[in-house]
Amino acid sequence: MVVASDVQIRRATVGDVGKLRVVGPATYADSYAYLWDDPVSFVRQLDTFGPSAFAELIGRDDAFVWVAESGADILGFLTMIADSPDPVRRQAGGAELARIYLVRPAQRLRLGQRLLDAAVSEATATGASYVWLDVMTSADQARRAYINWGFDETGSRVFQHPVACGMADMVVLAKFLHRSA
């Protein structure tokens, strides 16, 4: 059994791609398989969590990836894209938290909050005034977590992939950062 104190939060490296290519699709499928009624489209979505996608992301100057690691196991990850205005207000100074995923047994260990803290610290250091993310309207547990972490709903958008009828609605949330003088 993993305990929170055994988990380290650190920046991902190219050496993590092999593990992320397993954790990424598995955690996405666990959370969102219900959205997809076309298996080909679902597999294409899972490919966005593939090794080349993670390697490209880790290599970008404007992207940051953190992992939650226990021993040799990656239990989850968070990706952030700097200098990314939110899609609702289009206000400059944003950083997108593009993906936050944890394996189910690790979801009650406050690792999401710890990953978020790492991202907020980096976003603040790089001059961002807020971080934002979007989440499927149907993902009630994730929405509650984001609100508990200090995010506010700012609007909505539509998921741009062919999901099941009536399942494409998303909520956009933002958390404004307090910078020390």
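**View 1. Strand E2 is enclosed within the structure.** Eight of the eight residues of strand E2 (residues 63–70) are buried, so this strand is largely enclosed by the rest of the structure; buried stands for under 20% relative accessible area, exposed for over 50% and partly exposed for the range in between, with a 1.4 Å probe and protein chains only. The model is a predicted one, in which local features need pLDDT of at least 70 and side-chain atom pairs count only at pLDDT 80 or more, while totals for chains, interfaces and linings use all residues. Residues are numbered from 1 along each chain as its sequence is written, and side-chain values use heavy atoms, with hydrogens and water left out. Helices (H or I, at least four residues) and strands (E, at least two) are DSSP runs numbered from the N terminus. In a regular strand the side chains alternate between the two faces of the sheet. Ala 63, Val 65, Val 67 and Glu 69 point one way from E2, whereas Phe 64, Trp 66, Ala 68 and Ser 70 point the other way, and all are buried.

View 2. E2 and strand E3 (residues 73–81) run antiparallel and are joined by eight bridges. Two residues lie between the strands in the hairpin of E2 and E3, and in this hairpin Gly 71 takes a positive phi near 60 degrees.

View 3. The strands form an open sheet of seven with mixed pairing, in the order E1-E2-E3-E4-E5-E7-E6. E1 and E6 are the edge strands, each of which pairs on one side only. Neighbouring strands of this sheet are turned by 25 degrees against each other on average, direction ignored; axes are lines fitted to C-alpha atoms, for helices over the stretch in contact, and angles run from 0 to 180 degrees between N-to-C directions. E3 and E4 pair in the antiparallel sense over six bridges, and Ile 81 stands opposite Glu 96 in E4. Helix H1 lies across E2, E3, E4 and strand E5 (130–136), running at about 85 degrees to E3. Helix H4 packs on the sheet and touches E1, E2, E3, E4, E5 and E7, its direction making about 35 degrees with that of E3; contact means heavy atoms within 4.5 Å.

**View 4. Aromatic pairs between separate parts of the chain.** Rings of Phe, Tyr and Trp (its six-membered ring) pair if their centres lie within 6.5 Å, with planes under 30 degrees apart counted as stacked, over 60 as edge-to-face and the rest as tilted. By this rule the count comes to 15 aromatic pairs. The centres of the Trp 36 and Phe 159 rings are 6.1 Å apart and their planes stand at 80 degrees, so the pair is edge-to-face. Trp 36 lies in the loop between helix H1 (17–32) and helix H2 (39–47), and Phe 159 in the loop between strand E6 (152–158) and strand E7 (169–176), so the pair ties together parts that are 123 residues apart in sequence. Both Trp 36 and Phe 159 are buried. The rings of Phe 54 and Phe 77, with centres 5.3 Å apart and planes at 85 degrees, are likewise edge-to-face. This pair links distant parts of the chain, with Phe 54 in helix H3 (residues 51–59) and Phe 77 in strand E3, 23 residues apart. Phe 54 is buried at a relative accessible area of 3%, and Phe 77 is buried at 0%. Phe 54 and Phe 77 belong to one aromatic cluster, which also includes Tyr 28, Tyr 32, Tyr 34, Phe 49 and Tyr 101.

View 5. Arg 11 lies over the face of Trp 66, at 5.7 Å from the ring centre, and Arg 89 lies over the face of Tyr 130, at 4.9 Å from the ring centre; a charge sits over a ring if NZ of Lys or CZ of Arg is within 6 Å of the ring centre and within 35 degrees of the ring normal. Most residues other than glycine have a negative phi. Arg 90, which is not a glycine, has a positive phi of about 55 degrees; Arg 90 is placed in the loop between E3 and strand E4 (94–102) and is exposed, with a relative accessible area of 63%. Arg 110 has a positive phi near 65 degrees, lies in the loop between E4 and helix H4 (111–125), and counts as exposed at 58% relative accessibility.

Note on methods: Two strands pair if DSSP finds at least two bridges between them.
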